[in-house]
Amino acid sequence: DQKANGYGYQFSKFIMLDETAAAVGIGYKLKSTGAKRIVTDFYNHNFFNVDRDPVGPNYSLAFGFEPKAQDLKGKFGDLVELKGTDFRFRDKLPAGQFVMAALTGYDAQQRKHRTFEMRHAPSGIAVKVEHSYPFARLNVWGINTTICPEPFLAIDLKPGEETEWGIAYTFTREKR
């Protein structure tokens with residue numbers, strides 16, 4: 001239980017492993033224990049990289065909706081292509097450069113819109129990521145060593161209130 005300046009909270013994080021399904025689940029619980037309301041965001045970076053392969057055309061993201069990009073930063077406009085539900089790189093992301101954008105086009109209330117999958121073509125590895133919470137916003141950020149879809153959860157807790165949320169990661173590998 002942490003308290004400072006009228007804010008107080010209890011925060012728990014649980015990690016569950018399912019070896020038979022090659023899955024990892026992360027559960028979170030936050031309770032407001034202070035006198036002041038807690039209004040904040042939560043997000044997970046989701047750092048993805050496979051076999052130290054630099055970020056570029058070997059990586060793609062597939063969303064449960066058709067993403068639209070806004071507030072483009074870095075090399076996003078030059079290197080990223082959005083087509084249907086797919087997010088693809090046209091070329092490698094040079095060292096020292098980055099891509100970043102806010103993605104829209106999702107309906108926060110639809111469960112299928114809370115899912116995305118990172119794919120790495122040469123290895124056949126994919127990671128499906130499912131969120132229990134509606135996205136308040138969704139950013140994608142990346143540098144040459146990682147690509148990071150970042151869904152945000154809006155948290156607004158009055159004193160005594162609590163909330164829970166979770167993220168599930170399922171790992172697969174295409175047979176070659």
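Start your tour by selecting Phe65 and Tyr106: Phe65 is buried, and so is Tyr106. Here buried means under 20% relative accessible area, exposed means over 50%, and partly exposed lies in between, using a 1.4 Å probe and protein chains only. This is a predicted model, in which local features need pLDDT of at least 70 and side-chain atom pairs count only at pLDDT 80 or more, while totals for chains, interfaces and linings use all residues. Residues are numbered from 1 along each chain as its sequence is written, and side-chain values use heavy atoms, with hydrogens and water left out.

**Stop 1: the aromatic rings**

A search of the whole structure finds 14 aromatic pairs. Rings of Phe, Tyr and Trp (its six-membered ring) pair if their centres lie within 6.5 Å; planes under 30 degrees apart count as stacked, over 60 as edge-to-face and the rest as tilted. The rings of Phe63 and Phe65 have centres 5.3 Å apart and planes at 50°, so this pair is tilted. Phe63 is buried at 6% relative accessibility, and Phe65 is buried at 4%.

Phe65 lies in the loop between strand E5 (59–63) and E6, and Tyr106 in the loop between E9 and strand E10 (115–120), so the pair ties together parts that are 41 residues apart in sequence.

**Stop 2: the nonpolar core**

A nonpolar core is a set of buried Ala, Val, Leu, Ile, Met, Phe, Trp, Tyr and Cys residues joined through side-chain atoms within 4.5 Å. The largest one here has 37 residues, and Phe42, Phe63, Phe87, Phe89, Ile147 and Trp165 touch the most other members. Strand E13 (residues 146–157) gives this core its largest share, 4 residues.

Next, centre the view on Phe89. Leaving aside neighbours within four places in sequence, Phe89 is in contact (heavy atoms within 4.5 Å) with Val55, Gly56, Pro57, Tyr59, Leu79, Val80, Val99 and Ile147.

**Stop 3: the sheet**

Switch to a cartoon view. Strands (E, at least two residues) are DSSP runs, numbered from the N terminus, and two strands pair if DSSP finds at least two bridges between them. Look for an open sheet of 5 strands in the order E4-E13-E12-E9-E6, with antiparallel pairing. At its edges are strand E4 (38–43) and strand E6 (68–74), each pairing on one side only. Zoom in on strand E9 (residues 99–104) and strand E12 (residues 137–143), which run antiparallel and are joined by 5 bridges. Pick Ala102 and you will find its bridge partner in E12, Asn139.

**Stop 4: the salt bridges**

A salt bridge is a side-chain nitrogen of Lys or Arg within 4 Å of a carboxyl oxygen of Asp or Glu; the count comes to 8. Select Arg37 and Asp156, whose closest N and O atoms are 2.5 Å apart. Arg37 lies in the loop between strand E3 (23–32) and E4 and Asp156 in strand E13, so the pair ties together parts that are 119 residues apart in sequence.
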